[in-house]
Amino acid sequence: MSGASVLYHLEAARSDEQRAYMDDLERRGVCVFCTEHGRTEVAFGGEHFYVTRNLWPYRGTLEHWLIVPHAHVRTFDELPDEAGGELWAIKRRLKGDATATATVERSGDMRYNGGSVAHLHIHFVTLDETPERTVRFRVSAWAESEA
Ligand SMILES: [Zn+2]
């Protein structure tokens, strides 16, 4: 996908490096999750989704994967029901022997769900009992009291 008006929500960047990366892609109209641009290293894929490692894994996770639809969609309900079944199978495969996992899926308007990329993606992390730090995902806009 190229030429879209807004692909990234720069305020959601978690570092200056990530913000600069997103800003560059935005100016060039490149969606980081559309594989046609060839930027994404795919670990494995299915009919509806592919799996890649998060370039910026959250500290405190053992593994941080992104499950990304092949189609450039913003919301989960743009995908057929069969994609949900495939998502479950992918999560089972990624879980492996992990005793704990967490999934975060931000869908819809990224200005309000804490997301940074206008292409649906599911964060899937594996966890253990002694994280380097507590893992936190923001899933809303910033509240005015915290801005
Ligand atoms: Zn895309």
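Which residues touch the most other members of the largest nonpolar core? I started my notebook with that one. I am working from a predicted model here.

**Entry 1, the core.** I looked up the largest nonpolar core and found 19 residues in it, with Ile67 and Val117 touching the most other members. Strand 3, helix 2 and strand 5 are the elements that give two or more residues to this core. Strand 3 brings the largest share, 4 residues. As background, I noted that nonpolar side chains tend to be buried together in soluble globular proteins. I then listed what Val117 touches, skipping residues up to four places away in sequence: Leu7, Tyr8, Val32 and Phe33.

I counted 3 helices and 5 strands. Going along the sequence, I read the pattern as α-β-β-β-α-β-α-β. The radius of gyration is 15 Å, and the globule rule gives 15 Å for 147 residues, so the chain is as compact as a globular protein of that length. I also got the span of the C-alpha trace along its principal axes, about 40 × 40 × 25 Å. Of the 147 residues, 20% count as buried. For contacts between residues at least 6 apart in sequence, I found that 61% join residues at least 24 apart.

I checked strand 1 against strand 2 and got antiparallel pairing over 2 bridges. Phe44 stands opposite Val51 in strand 2.

Where is Asn54 found? I located Asn54 in the loop between strand 2 (49–53) and strand 3 (63–69). Why does Asn54 count as partly exposed? Asn54 has 15 C-beta neighbours inside 10 Å, and the partly exposed class lies between the cut-offs of 12 or fewer for exposed and 20 or more for buried. Leaving aside neighbours within four places in sequence, I have Asn54 in contact with His64, Trp65 and Leu66. I also looked at Asn54 and Phe124: they are 70 residues apart in sequence, and their C-alpha atoms are 9.4 Å apart in space.

Methods:
Residues are numbered from 1 along each chain as its sequence is written. This is a predicted model: local features need pLDDT of at least 70, side-chain atom pairs count only at pLDDT 80 or more; totals for chains, interfaces and linings use all residues. Two residues are in contact if their C-beta atoms, placed from the backbone, lie within 7 Å. Two strands pair if DSSP finds at least two bridges between them. The radius of gyration is taken over C-alpha atoms; the globule rule is 2.2 Å times the number of residues to the power 0.38. A nonpolar core is a set of buried Ala, Val, Leu, Ile, Met, Phe, Trp, Tyr and Cys residues joined through C-beta atoms within 7 Å.
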